[in-house]
Every structure is written in C-alpha cells, then in structure tokens.
Amino acid sequence: MRLFYSLLLTALLSVSLSAQSPGRPGASGPMIKGVIKGILIDSLSQAPLEYASVVLTLPGGKMLDGVVTEPDGTFKIRDVNAADYALQITFIGYEPKVISGLTTTPEQPDLDLGYVFLVPMGINLEEIVVAEEAPIMESKIDKIVYNADKDLTNTGGDGADVLRKVPLLSVDLDGNVSLRGNSNVRIFINGKPSSMFAGSIADALKSLPADQIKSVEVITTPTAKYDGEGSTGIINILMKKPELEGLTGSADVSVGTRSNNAGLNLAHTRGRFGINMNAGTRFTWKRPGTNSFYREDDLPGGMVRVLSQEGKNNSAWRGFNGSIGAFYDFNAYHSLTSNVRLNGRQYVRDGITENYFNDPEAMIIQNYSRINDDINLSTGFDWSTDYRRTFAGNKEREWTMAYQLSGDFSDDGTQIEQTGEPTLLINQDNINQGLNLEHILQTDYVHPFSKMIKLESGLKATLRRLTSDYAYRNFNETSGEFEEDPLTSGAFDYLQDVAAAYISTTVNIGETYALIVGARYEQTWIEGDAVNGELPFTNTYGNLLPSAIIQRKFGPFSSLKMAYSQRIQRPGLRYINPYQQLSDPRNITVGNPTLLPELTNQVELSYNAFAKGTVFNVSVYYQNTADVIENFLTVNPEGASITSFQNIGEKESIGVNLFTTAGFFKKKLTARVSLDVNTYSATGTINGETLTNEDLVYRSFINLNYDFGKGYKAEMFGMFRSQNVSLQGRTPNFWMYSFAFQKEFGKSWQLGIRIVEPFNLNKSFRSDLEGPTFRQKSDFTVPFQSFGVSARYRFGKIEGRSRDRSTRIKSDDLKGGDDQQF
C-alpha cells in the first residue's frame, strides 16, 4: 500500500508539472470576472449623475450589457471577458457620450475610467426592466435539480423536510433517506463529502435548517469521475453561499410550535478576493411520545415466549452548522479556494417503559419498569482547499488539485435504571465515544480535443481512521459511584484506505447524439482490531466500475437517454461499530465489523421533454445488488433480540419514476407532481435459513404554488410514502401535508406563515418484522402538528458572479446511517 501512495504522489507531481506549462502566446484566455467602472459627473455643476444608462458594446455597436449609475454617480459592469469594447452613456437632458478603444486582457481584466463628464442637453431615454426567476424544479441531462430556496413550505423546517420534496427521494419520519426505495445513497454538501454524514444521515438532516439550503441535486447514474460509492446514486445539497460584489447577506428566523430556526449569510467580494460565511441553528421543543412493542418467539414443544412493552418518552433536538470560505484569483488562469465547515447536534430523550416477560420453558413471569435517559452529542468539521488551473485558448481545459480533512466526533451516553424483582435490578451507564477522521487528496484533468471529443481523468486517495471507545459502568451502592466493567468495555480501531483512478470520454456526434463512456478502478485496504475475542482482521479488494450514457436529442427541448453504471457501497462506522446499544437489555443493537461492500448494477432509460412551460420526465430502471446490507434481527436463548447488519444476499428492483411541472393561469399557478414505483425482491441465506421477500413500494407528492401578485404567495405540499420493505418485514408508511403563505416587502423583507398537519395533532407509525421463529410488532406516536412564523431580511446588491468555485472532491463511497429513533 505504501508503494501505491508513493506512485500516486509521483503521478500527482508529474501532472502538476505538465499542467503548469503556459498556454499559446496570444491566445484568448478563459472567462474572468473583469470589471469596467467609473463615476459619471455633470460637466457644469460637478454633481454626480444618478440613474444614467451605461451600455457596454462591441466596437461594431452590438450591445452586450448595461447598468444604471448609483446615487453617487458610480457604475460597474461586471463579468467582462477579455476583448475590445466601447461604452455608450445616455441620460435625460444630457449629450450622449461614446467612449471607444477600451481593452481588457486576462492579465488585466479590470478598467477604472475615473471621472466621466456629460454635457447637459435634452434627449429621451426609455427604461427597460427584465426579470426572471428560476423554477422550483429543473430536469437536466445528468441530474434533477430542486431549487429549495424557491419553495415557501420549506421555511422553518429541516433538511429532511427539504429532501421529502425532491423527485425520486423518500424520507421517513426519522429523516432516513432512500433513493428509488434504496437507502444506499451518498450525500454531499456543496459537491463534497461532509463529516456530518459519517454517522447517522437522519441525525445530520435534522440539525440542518431548511432556510440554509439553496438547492438539491439528484444524480442517479454518476459517471466515472464520481466515487464508486452510493449504490443507487448521489444527493448533492447546495447551501446558500453568495458570491457578490461588495458586502451582501441575509438573515432568517422562524419560530414554531414544533421547531425553531435562525440563520445568517454574509459575503464580501472586492476584485479577485472574496470571503463568505454562513451560520445556522435549529432546535425543537420537547416532544412527548408513546411507544408499544410486542414480540413472540417459538420454543420447543409448541411453547411461545412473549415480551410486551408500553412506554412514554420526551425528546428534543438541537443543532448548529456554519462555514467560512475564501477565494483568490491570481489571474485569469490560476485560482485558489478554501472553505471550513463546522457542525454539531444534540439529541436528548428520556422515558419510562413498563415491561412484561413470559418464558414458559424457564417458568419465568416478570413485570418490571425501566427508566432511560439518553444524550447523543456529535460535532464535526470539514476543511477543503482547491487549486484550479485553466489554459489560454481553451476555456474547457482544466487541471485541479484538492485536499480535504474531515472529522466527526460522537459522544453517546445512556443511563438505565430498572426496577422490579432483585434479579432484574439495573443501574447502569453506557458510554460510546467515536472518531471518524478522513484525509482526501485528489487531482482531475479535463482536456477537450475538439468540440466533439473531451477526455476527463483523475487520481484520488482516501485514508479513513475510525475509532470507537465504549464502556459499560455499573453503579456501586457502597461507593456511590459508577464503576467500569472491564469484561464488556473496550475499544475498536478500523482503518479503510481507498485508492482510485478514472478515465471518461465524452463524444458529441453531430447535434443529435452524445455519448459518455468511462471506467473507474478502486482498490480498498481494510484493517480492524480484535472484536469479542476474535483475531484482528484484514481485507483487500479491487473493483473496476464501468459507466456509460448515450443520449438522443429530439430538438432543443426533448431527449431520450439510456445509462448503465456499476456502483459500490462500503459500510460506514455505524454499520461496523461493535458497541452494543443496551438502552433496552432485551432489544440490543450492535454493528458488524466483517461486513462486505455492496455491488450494484443499474440500467436506466429516461425521456425528458419541455413544451409550453411544462416539464415532463419519465424513467424506467433496473437494479441488481449483491451482498445487500440490511438490518437483521435474531432472538437469543435468553429471549433478547440482537439487531445487527448482515450481507443478506441478493436484491432486484424494477421501477418507474414520473414527474412533471406545469404552469397555469398565465403561470400564476405552478403544479409539481411526482410518482415513483418500484418492486422489492430479495433472497438470502442467514444461519442456514433461506429467506425471501417481495413487495411493491411507492412514493408520490404534489406541490402547488400560486402567485397573487404584489408580493403575496401561497403554497401547498402533500406527500405519501408506502411501507419500506426489508428481508424480514416492513417499516411504517409516512404521509404529511403543509401550507405556507408569504408576503414580500420590496426586495429586502419577507414575512411568512407555515402550517403542518393542521387537522392531525399526532401521528402513529407501525412496524412489522418476522423470522422463522419470531413475530414482532412495534408502534410509536409523536405530535406532528405545527404552526410557525418566519422573517427574512436581505441586504446588499444581489448581482451574482459566474466563476465555478465548487470543490472538485466528490467522495461518496460510504454507506450512511438510517437510524430508527422512536
């Protein structure tokens, strides 16, 4: 493995030296954010002129861009390419003025004209205002984009609320995410992995305020340049991060009966340097809930053992996230971007459960009570730095180098106090502290040979260090303190290194056909400590992951696409952690360090069309997954269930997805509808028993948005998700609906109201699991109705900048969590 990294470093240095060679002398450079600015003055009074028109033209007179002057007479025309220009300046009552011979270059893209004088004279000036707003939903050739900041019903919600409104995605009550019915999906933040998703995806989404999310991208068939991880695809959450000239920003706050959010965004750009930051927090009020549980397992002689539970609990969430980033453009060809993101969350839950246990074989009948007090803490960070090199004469040719360091620290504690007969007395404190540390080094090179052919290639190294320290402490009545049990306490260290190389070719055949073909090779090394008396383990495996997309265009607004990809899904820390969660001694959860990765083959056929304001997309897909990772429950001889993760076997899925967006009544009403239906068919052999399960899974939503004019808007959202299916049973279905109303006051202020489930105070969720020797049912109820108000204030000039500054690191190779927290 050391030899590989030595070779990788040598290759990176070689690419660096070749990529830094200068472009052709005299060749035109790529786009750079040049600025032409000045101050317009009355030649007689020497007073600044406000609202004068300044138009940028080519030497031949063709108009390109224009602005009006500010109250102090200043004007700025941004995003100016390297070329020759002229300025046409007009204002009512003044002689028109033309300034010719203006030239910008990639090395000197800015021009400061200083004072520009106009001579008084009378003319007429016609003012033209053009405004257009991005749609809520966009369907692109390689992804589906949901613009969350355009959806009123997101105000006051969390990340899970946002993802529920994205086609192809399904999110249950706890925030567990699945794509086309499969939870093996990878989630990015701003195009890169985040430590906040290293443990439980559901927990991370709950701590993410919806008001901080700009848009969500869903990529169902990633090409070779993406990591092979995420067997069903990639979800990229783009946070609000303006890149604007001067100082700009926004502040948000929402208060509700269920949750509360607050956020702040700031950005400052001056010339080629810019800095931006955002911070957000979300917390919920204490939420009361009830839960019930019933399990039967078969004993010899036809006897049945029973465990029955009824309980009440309270839970609450707190979370924060923030980031600060900066960029600097050295010139038109060299730029540097760096960003640091911090996140943290806390989940607290306390409850009391009444238990009944009947074991006729052991002639035991027990009634007892248990008090639980759980506190789960998690903090994390991501630091990424990207260097970008472009080349004169070919704006698409690009070389990038990126490094990222991520860390996630978790501290989970559970205190249990159980009362009843003497043999059942428990006063125990369980602690699990975890660390997920990850280093990523990546380089990518894009070389267009012509307008018809483009080659992309890259190398990547990922080093992960996962640590879990766990302790079980029993209360000593004599000393009055908790004392650690050395027989059940311990530590687990897990190393996972992945080296990857890829190549991808894009070929455009005329104006009708396009083809992307590529392959990615990933080599994985794994080392783990001894667990439960077993020997330390190691594993090494390599995977060649091909991908291909072919597209047929039918005019400018419709296309047919067929795609194939092979994906891999490695288990994350939550899946391999050997720590036993003992909050209920008769319902134990534990990870499995020996899990193998999943391997998925997917074929997809999709059609997309746009006509008269209506977007229509339909896709049909087939997935086959080997070594599927799922929860698996067994009951031990003492009557306690052990839920772990197993490679259950093989799973097949055939599905169809349909979504459409249409406008009515002169686009005042916009409707979005999505429907996703797929089969579940799994077969596995566990402990010598062959199990199968088949079912139909479906998800749908509808969203209506009406613009009344004069700043008044209203929106309705409703969704339904059928029961999720696993090899052993089904988890609860989920449905919800909400309403939102908003009033805009100018361009700065927004006030809103959000109502969730106005006619249903609580929701109940039931799960059913079954094995060869047991049957289990559980039900929990939580309050769901919510009323909230929100306010947003924006300041600064909202004028965007166009240069791409997203990190080139795209790490999507770990299977995230799908916690069930009731």
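Start by selecting Glu438, which is buried, with a relative accessible area of 6% (buried means under 20% relative accessible area, exposed over 50%, partly exposed in between, using a 1.4 Å probe and protein chains only). Before you go on, know that this is a predicted model, where local features need pLDDT of at least 70 and side-chain atom pairs count only at pLDDT 80 or more, while totals for chains, interfaces and linings use all residues. Residues are numbered from 1 along each chain as its sequence is written, and side-chain values use heavy atoms, with hydrogens and water left out.

Glu438 forms a salt bridge with Arg464, and their closest N and O atoms are 2.5 Å apart (a salt bridge is a side-chain nitrogen of Lys or Arg within 4 Å of a carboxyl oxygen of Asp or Glu). This pair links distant parts of the chain, with Glu438 in strand 23 (residues 426-448) and Arg464 in strand 24 (residues 453-476), 26 residues apart. Strands here are DSSP runs of E, at least two residues long, numbered from the N terminus. Arg464 counts as buried too, at 0% relative accessibility.

How many salt bridges does a search of the whole structure find? It turns up 18. For another one, pick Arg570 and Glu522: their closest N and O atoms are 2.7 Å apart. Arg570 belongs to strand 29 (residues 558-571) and Glu522 to strand 27 (residues 513-528), so this pair ties together parts 48 residues apart in sequence. Both Arg570 and Glu522 are buried.

Next, hop to Lys713 and Glu744, whose side chains meet in a salt bridge (3.9 Å, N to O). Lys713 sits in strand 36 (residues 712-721) and Glu744 in strand 39 (residues 734-745), so the pair ties together parts 31 residues apart in sequence. While you're on salt bridges, select Glu296, Asp298 and Arg775: bridges that share partners join them into one network.

Time for rings. The structure holds 22 aromatic pairs (rings of Phe, Tyr and Trp, using its six-membered ring, pair if their centres lie within 6.5 Å; planes under 30 degrees apart count as stacked, over 60 as edge-to-face and the rest as tilted). Show Phe734 and Phe765: their ring centres are 5.8 Å apart and their planes at 25 degrees, so the pair is stacked. Phe734 is in strand 39 and Phe765 in strand 41 (residues 762-771), 31 residues apart. Phe734 is buried at 0% relative accessible area, and Phe765 counts as buried at 5%.

Now zoom to Lys743. Lys743 lies over the face of Tyr712, at 4.7 Å from the ring centre, and also over the face of Phe745, at 4.7 Å from that ring's centre (a charge sits over a ring if NZ of Lys or CZ of Arg is within 6 Å of the ring centre and within 35 degrees of the ring normal).

Last stop: Asn678, in strand 34 (residues 669-686). Asn678 is buried, with a relative accessible area of 3%. Its side chain makes a polar contact of 3.4 Å with that of Ser653 and one of 2.7 Å with that of Arg699. A polar contact is a pair of N or O atoms within 3.5 Å; within protein, one must be able to donate a hydrogen and the other to accept it, and residues adjacent in sequence count only if both atoms are side-chain atoms.

Definitions and conventions: Helices (H or I, at least four residues) and strands (E, at least two) are DSSP runs, numbered from the N terminus.
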